[in-house]
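Subject: Structure for your review

Dear colleague,

Please find the structure below, followed by an account of what was found in it. I would be grateful if you could read the two side by side.

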Amino acid sequence: MIMGPIGSDAALLEKLAVFGTPVESRKSAGWVMKNCCLGLIFVLFPAGLWASDDFVSVVSASAVTVAAGKPGTASLRFRVQNGYHINSNHPKSDLLIPTRLKLNPPTDIGVGSVTYPAGRNISLSFAPTEKLNVYSGDFNVNAVVSAVRGASPGHYAVHGELAYQACDDRACYPPKKLPVSIAVTVVKSRIAGTRQLNPGQSPHIHN
Amino acid sequence: MRRNGLLLVAVTLAVALLIYAGVRLSRLPRDTDSMFSQKAVAVGSVAPDFELTSLEGKSLKLSDFRGRAVLVNFWATWCGPCKIEMPWFVELNQKYGPQGLTILGIAMDDSGQAAIAKFAKEMRVNYPILLGKEKVGDAYGGVPGLPTTFYIDRNGKVQDRVVGIVGRSEIETQIKKALASVPATTASDATDGDDHGTNRQ
């Protein structure tokens, strides 16, 4: 039921690139057979991941490295299946179920603000005058993660779930929860407050 | 040998890409009937009876309406398409209720009775709204999406089942068909009557 990270199309093409190598440069039919099988595995494996009843999957969850007492930003990328949409974090009606990320950090790790992207306003054929605010395709949710002062250096996992409710242009589907996990590495702080670790990965650090 | 290898590569690639495309396409919105589980009540079979509580606190059974055409509509307050259908059901209930139609709305909601009642009032619903239970949803195939509507004829048999919103005219056509069904008891009475008539002759 739960999907792991899905290979992107680009990654898939990269995997398929093995077939782009001139066959002339290969030495045996055995090599061809072996690579055909490998190619099939590469092609079918991501396809198998798609064969799930979930409407949303985790594309990636960035690992975060933080110094004790300092925050960092984790970015989670989600993908809504083709043909479906989910309500944004701010749907246009109180009756609609918003998309929400809930994280349950372990001791020594804190979770700050969670930032959602703006949704896209759409109208569906069954109600052309009614506007919905939705996510479709890929979207990112960022969460500020921090390690408490005195946290032991090491690897931590912040588990949580993305609660969402999907619809297509004819029907809506029961609310679902997609498990997520963020890898957090806590390192020793060199001089507290003087250096932010991994700044490239955390462009929105709030001190 | 080299040519055979190339051919093998091409065929393997083609097959793999077909499977890949097939799987991706299968994730697009599906044919609604295929969305029901195999355990779902089939068209032509007797609709599972249920007993649910209405917003007014009354206990209603599906079997209470045997002899009438029944439209069972699974819905929820968070379901946009359901909201569009409801005014149609209100009109159709007014129009066909006197002819033997009963509409039952089953709220598959976690938002609580008060929220459902408020929503139903705002939508001016004029048919019973029942508080759904997972067990009832399961008996009807797990209710794969909302709205899901079952059209039940006067004999209590499922005439059709539809996931998702359809046009008002399609709903009305189904209602007319369900109303046109002849209750078994009536048919039996009519046959009995004929027999009596024959005997009298």
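A nonpolar core is a set of buried Ala, Val, Leu, Ile, Met, Phe, Trp, Tyr and Cys residues joined through C-beta atoms within 7 Å. A residue is buried if 20 or more other C-beta atoms lie within 10 Å of its own, exposed if 12 or fewer, and partly exposed in between, with C-beta atoms placed from the backbone. The largest such core here has 86 residues, and those with the most contacts inside it are Val145(A), Val184(A), Ile106(B), Leu146(B) and Ile152(B). In soluble globular proteins, nonpolar side chains tend to be buried together.

This is a predicted model, in which local features need pLDDT of at least 70, side-chain atom pairs count only at pLDDT 80 or more, and totals for chains, interfaces and linings use all residues. Residues are numbered from 1 along each chain as its sequence is written, while chains are lettered from A and ligands numbered from 1 in the order in which they are written.

Chain A

The secondary structure of chain A comprises 2 helices and 12 strands; helices (H or I, at least four residues) and strands (E, at least two) are DSSP runs, numbered from the N terminus. Buried residues make up 32% of the 207 residues in this chain. Two residues are in contact if their C-beta atoms, placed from the backbone, lie within 7 Å. Of the contacts in chain A with a separation of 6 or more, 74% are between residues 24 or more positions apart.

The antiparallel sheet

Four strands of chain A form an open sheet in the order 1-3-9-6, with antiparallel pairing; two strands pair if DSSP finds at least two bridges between them. Strand 1 (56–61) and strand 6 (109–115) of chain A stand at the edges with a single partner strand each, so one side of each is left without a neighbour in the sheet. The twist averages 30 degrees from one strand to the next, where axes are lines fitted to C-alpha atoms, for helices over the stretch in contact, and angles run from 0 to 180 degrees between N-to-C directions.

Strand 3 (residues 71–80) of chain A is joined to strand 1 of chain A by 5 bridges, with Ser57(A) partnered by Arg79(A) and Ser60(A) opposite Arg77(A). Strand 3 of chain A also pairs with strand 9 (residues 138–147) of chain A over 9 bridges, and there Gly72(A) stands opposite Val145(A). Of the 10 residues in strand 3 of chain A, 8 are buried.

The mixed sheet

Another open sheet of 4 strands in chain A has the order 2-12-10-5, with mixed pairing. Its edges are strand 2 (64–67) and strand 5 (100–104) of chain A, each with a single partner strand, so one side of each is left without a neighbour in the sheet. Strand 5 of chain A runs antiparallel to strand 10 (residues 154–164) of chain A, with 5 bridges between them; Asn104(A) has His159(A) as its bridge partner.

Leaving aside neighbours within four places in sequence, Val184(A) is in contact with Val64(A), Val66(A), Ile109(A), Val145(A), Tyr156(A) and Val158(A).

Confidence

The model scores ipTM 0.75 and pTM 0.70. Chain B averages a pLDDT of 83, and 77% of its residues score at least 70; pLDDT is the predictor's confidence in each residue, from 0 to 100. Over residues 190–201 of chain B, pLDDT stays under 50, and the model has 0 contacts beyond four places in sequence for them.

Yours sincerely
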